[in-house]
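Hello,

Here is the structure I promised to hand over. Please open it first, then read my notes below.

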Amino acid sequence: MIEIMCGILLFISILLFLEDNFIKKMLGMLLFSNTINIVLLTCGRLKNIRPVFLNQPNLTDFGNPLVQALILTAIVIGFGILVFISVLIGRLAGRGVSYDSL
Amino acid sequence: MIVSNNLAHGAVSLPLMMILLHLFVEKYSKIQRTIQVLGALIFLSFAICFLLMYKAPVTIAVSNWQPPFAITLVFDRLTCFMLVVFAAVLNCVSFFSMGDPAIKRKKREFYCAFWLLTLGMVGAISTHDLFNLYVWLEVMLVSSLILILSNHEQPLSELFHYALINVFGTLLMLASIGLIYSLTGTLNYYEIAKQISTLPAYYAAPPLGLLIFALGIKGGIFPLYFWLPRAYPSTSISSCMLMASITTKVIMVVLLRLVYLLQPLQSDVFQTLLIPIACATMVFGVLGAATQINIRRILSFHIISQLGYVLFSIMLVTKASLVAAIYFLVHNIFVKTNLFMSCGLVEQRYATNDLNKLQRLATKNNLYSIIFFLAATSLAGFPPFSGFIGKFLIISAAVDNAFYAGIAFMIAVSLFTMYSMFKIWRYGFCEKSEHLETVALPGTVSRSQVFAFIALCLIWLSIGMWPDPILKQLNLVAHDIIQLQVTVT
């Protein structure tokens with residue numbers, strides 16, 4: 001189920017990417033990065049969902065903590081670049097560039 | 001061993017320290033300059049000591065977590081060798097940037113981004129963890145964004161284009177890293193190599209193909225390379241040189257390491273797929289250059305075509321082609337940076353780089369003209385210089401593997417390279433046009449720039465005229481890489 005949802009989201013984000021308007025391009029990038037994060041989450045297997053704690057006596061069926069760390073890093077980096085790009089769009093608008101002319 | 005270990009830590013932490021120092025010394029331009037020169041020289045001396053004292057690979061396990069489970073930075077012979085090359089070119093760029101008028105008001109941003117790029121470079125070529133590679137490439141991306149901005153007129157729409165395409169590339173790379181992790185359960189290069197060679201090809205090929213495609217976007221390989229000639233000519237010449245000599249080349253080193261480590265990438269599927277892509281990269285780069293009349297645009301398109309040669313040589317997957325690929329990469333780093341420097345000097349003196357507005361530069365600037373001519377002939381591949389040796393090595397490696405179509409492409413592309421180099425030479429340096437007068441702006445070239453220009457020229461002349469020591473070193477590098485693949489899998 002989640003794979004089909006990822007496919008649909010990827011489709012929408014690529015469509016947005018191909019738009020001329022660069023606000024839509026940025027939104028496409030945002031959606032794309034979030035979809036990739038979900039893909040990363042599914043890569044760690046979704047069957048086992050119990051959280052990991054160190055002092056649990058018999059630890060079975062725990063969720064994969066590594067993908068969560070990867071996603072956290074990816075979100076931080078992606079958010080930084082997103083902020084940069086939105087400031088860039090603001091500056092471009094300040095110069096009088098119309099949103100459709102890129 | 002202890003000394004090498006300390007040098008490895010130094011190579012990572014020196015750029016970080018330099019970023020911090022540069023944040024504080026903005027107002028004192030003399031101190032800023034001294035710190036920059038000293039830092040770059042110390043970095044170079046670290047790299048040279050490291051290569052001379054090299055005995056075995058130095059592994060830094062981050063926070064002492066042992067290899068298969070955590071991030072490792074491994075300084076093997078390839079890393080040490082490339083560190084020396086990159087440090088040499090960084091020194092030259094650092095000297096050149098002292099007198100660059102385009103970044104005069106943005107010195108602090110420029111130098112911080114300079115060291116951030118260096119940090120990303122050291123990390124990306126030394127890391128042995130796929131996700132960590134992604135992080136270092138993002139560090140390099142962010143620093144390139146700052147570098148493009150450190151120009152007195154800021155090219156915002158080119159920057160937007162650059163940022164978007166590169167972010168697209170890194171996100172695809174992230175997806176492929178996730179898929180590889182789900183296949184092998186690890187992110188360490190050696191473990192991945194071990195696990196993935198046991199998997200059937202139809203499992204291993206798609207994520208690896210996605211990884212190569214994503215690295216190709218970031219490195220300017222054929223289908224999506226248009227961001228490169230669009231972004232590079234719009235920044236200051238120092239930033240342009242830095243990005244041209246570091247970012248795409250680091251991607252090539254990473255590709256080389258992955259191809260020689262992961263067995264599925266050496267299979268026929270990838271060879272039949274990537275060798276035509278390499279040929280297309282060469283051809284489209286050089287055809288793009290043929291239509292341009294702006295010197296910097298011509299040179300930027302040629303970067304792409306040269307990357308095609310390197311990719312072609314990497315994908316032949318023999319020891320000889322490995323040596324050829326690294327030699328050609330090194331030659332290209334030095335010669336291309338030198339050509340960009342001469343273009344920058346022309347821009348500084350005449351305030352333009354349009355071939356229609358320049359004439360008879362050779363009569364007024366003898367030294368620059370001679371160096372430009374030598375570098376251009378070296379890039380086109382004329383005998384006594386490094387370009388000839390690089391192309392000769394690649395062609396002889398291709399003859400061994402009987403890739404004759406690829407050789408035909410290489411020779412045709414060399415002819416076109418010669419055509420556009422001589423286009424610059426003829427219209428910019430020799431021919432006189434009746435209706436315009438090129439006037440030099442007085443006293444704009446500083447002594448440090450001339451020094452960097454000549455030093456870089458001497459470096460590539462020496463690796464071309466006297467290639468024995470570097471080829472001996474490269475044979476050792478190739479031997480290590482091929483041995484490593486055998487021991488790991």
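Chain B has 18 helices and two strands. Helices and strands here are DSSP runs, numbered from the N terminus; a helix is H or I with at least four residues, a strand is E with at least two. This is a predicted model, in which local features need pLDDT of at least 70, side-chain atom pairs count only at pLDDT 80 or more, and totals for chains, interfaces and linings use all residues. Residues are numbered from 1 along each chain as its sequence is written, while chains are lettered from A and ligands numbered from 1 in the order in which they are written.

**Chain B overall**

The C-alpha trace of chain B spans about 70 × 55 × 45 Å along its principal axes. Of the 489 residues in chain B, 57% are buried. Buried means that 20 or more other C-beta atoms lie within 10 Å of the residue's own; 12 or fewer means exposed, anything in between is partly exposed, and C-beta atoms are placed from the backbone. Take the contacts in chain B between residues at least 6 apart in sequence: 81% of them join residues at least 24 apart. Two residues are in contact if their C-beta atoms, placed from the backbone, lie within 7 Å.

**Chain A overall**

Chain A has three helices and zero strands. From the N terminus on, its elements run α-α-α. Its radius of gyration is 18 Å, well over the 13 Å that the globule rule gives for 102 residues, so chain A is more spread out than a compact globule. Its C-alpha atoms fill a box of roughly 65 × 30 × 10 Å along the principal axes. Of its 102 residues, 23% count as buried. Among contacts in chain A with a separation of 6 or more, residues 24 or more positions apart account for 50%.

**Where the chains meet**

On chain A, 22 residues are in contact with 18 residues of chain B. Helix H2 (22-43) and helix H3 (65-94) of chain A each supply at least two residues of that side of chain A. H3(A) gives the most, with 10 residues. By type, the chain A side divides into 17 nonpolar, two polar and three charged residues. Nonpolar covers Ala, Val, Leu, Ile, Met, Phe, Trp, Tyr, Cys and Pro; charged covers Asp, Glu, Lys and Arg; the others, Gly among them, are polar.

**Helix packing in chain B**

Start with helix H11 (residues 268-290) and helix H12 (residues 295-315) of chain B. They pack at an angle of about 160°, with their axes 7 Å apart. That makes H11(B) roughly antiparallel to H12(B). Axes are lines fitted to C-alpha atoms, for helices over the stretch in contact, and angles run from 0 to 180 degrees between N-to-C directions. Angles over 145 degrees count as roughly antiparallel, under 35 as roughly parallel, 65 to 115 as roughly perpendicular and the rest as oblique. The residues of this contact divide into 15 nonpolar, seven polar and no charged.

H12(B) also meets helix H16 (residues 404-430) of chain B: their axes come within 11 Å and cross at roughly 160°. H12(B) is therefore roughly antiparallel to H16(B). Among the residues making the contact are His302(B) and Tyr309(B) of H12(B), and Met410(B) and Thr417(B) of H16(B). This contact divides into seven nonpolar, six polar and no charged residues.

**Two residues to look at**

Leu147(B) lies in helix H5 (residues 130-149) of chain B. Leu147(B) counts as buried because it has 28 C-beta neighbours inside 10 Å. Not counting residues up to four places away in sequence, Leu147(B) touches Ala113(B), Leu117(B), Thr235(B), Ser239(B), Leu242(B) and Met243(B).

Leu211(B) is found in helix H8 (residues 201-219) of chain B. Leu211(B) is buried too, with 23 other C-beta atoms within 10 Å. Leaving aside neighbours within four places in sequence, Leu211(B) is in contact with Met173(B), Ser176(B) and Ile180(B).

Best wishes

Technical notes. The radius of gyration is taken over C-alpha atoms; the globule rule is 2.2 Å times the number of residues to the power 0.38.
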